[in-house]
Amino acid sequence: MSVVRGVTVKHFVLALMVGLGLGASLPARAAGTFFTTPQVLKEFFPKSQRVTYRKVKLGPAELAAVQGRLGYKPAKPEYVIFVATTGEHVDGYAIIDEEMGQHEQITFAVKLSPEGVVERHEVMVYRESYGQEITDARFRRQFQGKTVKDAVRAGVDIDVVTGATISSRSMAMGVRRAIVLLDELILKPGSGTPKG
């Protein structure tokens, strides 16, 4: 029988198997919750007098318009758009959504100006084992200033994070969707929906 540092190979293999089995049941180290909805809205709009929300259903016409602009059908039939105001002035908008990472959903929030320009992007809940680098400020800052005129595509105008390629693409798709939804459902002239 072989011996490895004073432990028989038989016992070493058994201990290794038990250790690997226990390790498999541990939660993923990279996963984390960074914001709740109230926390992210407070971060986004610290000076606003109030933050309300609108549920916007995608009727056939809206669905066709959004799908045409995105190139795919949105997963949800309705979205919640948060509206921050001070008096009668709209301070900005926020959309909280989810996008599929490699195996799990990534919950994120996008803060948009009254004109629909991305001002901030935050990952709220990251559930994957790897790729948490998309929560770094360096990656998230790439979205600032993006509008409906920008591609907002990983590898085009958003740099992909090594080791988080799928998550990078997912965030680019999600932020692009938020920009298009706000533009199509709230800001677009003739949408029939008031801005405030």
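This is a predicted model: local features need pLDDT of at least 70, side-chain atom pairs count only at pLDDT 80 or more; totals for chains, interfaces and linings use all residues.
E7 and E8 form a hairpin with five residues between them, and within the turn Gly-116 has a positive phi of about 95°. Strand E8, which spans residues 118-126, is mostly covered, since seven of its nine residues are buried.

The loop between E7 and E8 also holds Ser-113. Ser-113 counts as buried because its relative accessibility is 4%, and the cut-off for a buried residue is under 20%. When residues up to four places away in sequence are not counted, Ser-113 touches Gly-92, Tyr-93, Glu-119 and Leu-182.

Strand E8 is also joined to strand E3 (residues 32-33), in this case by two bridges, and the two strands again run antiparallel. Here Gly-32 stands opposite Tyr-126 of E8. Taken as a whole, the open sheet is formed by six strands in the order E3-E8-E7-E6-E5-E4, with antiparallel pairing. Its edge strands are E3 and strand E4 (50-57), each of which pairs on one side only. Helix H5 (residues 165-187) packs on this sheet, where it touches E4, E5, E6, E7 and E8, and the direction of H5 makes about 140° with that of E6. Helix H2 (residues 37-44) lies across E4, strand E5 (78-86), strand E6 (89-100), E7 and E8, and runs at about 160° to E8.

In soluble globular proteins, nonpolar side chains tend to be buried together. In the present model, the largest nonpolar core has 36 residues, and those with the most contacts inside it are Tyr-93, Leu-112, Ile-134, Phe-143, Met-171, Leu-182 and Ile-186. Two or more residues are given to this core by each of helix H3 (60-70), E5, E6, E7, E8 and H5, and the largest share, 11 residues, comes from H5. Apart from this core lies another, of 12 residues, among them Leu-41, Phe-45, Phe-82 and Ala-109.

Leaving aside its neighbours within four places in sequence, Phe-143 is in contact with Val-118, His-121, Val-152, Ile-158, Met-171, Ala-172 and Val-175.

Methods
Residues are numbered from 1 along each chain as its sequence is written. Side-chain values use heavy atoms; hydrogens and water are left out. Buried means under 20% relative accessible area, exposed over 50%, partly exposed in between (1.4 Å probe, protein chains only). Helices (H or I, at least four residues) and strands (E, at least two) are DSSP runs, numbered from the N terminus. Two strands pair if DSSP finds at least two bridges between them. Contact means heavy atoms within 4.5 Å. Axes are lines fitted to C-alpha atoms, for helices over the stretch in contact, and angles run from 0 to 180 degrees between N-to-C directions. A nonpolar core is a set of buried Ala, Val, Leu, Ile, Met, Phe, Trp, Tyr and Cys residues joined through side-chain atoms within 4.5 Å.
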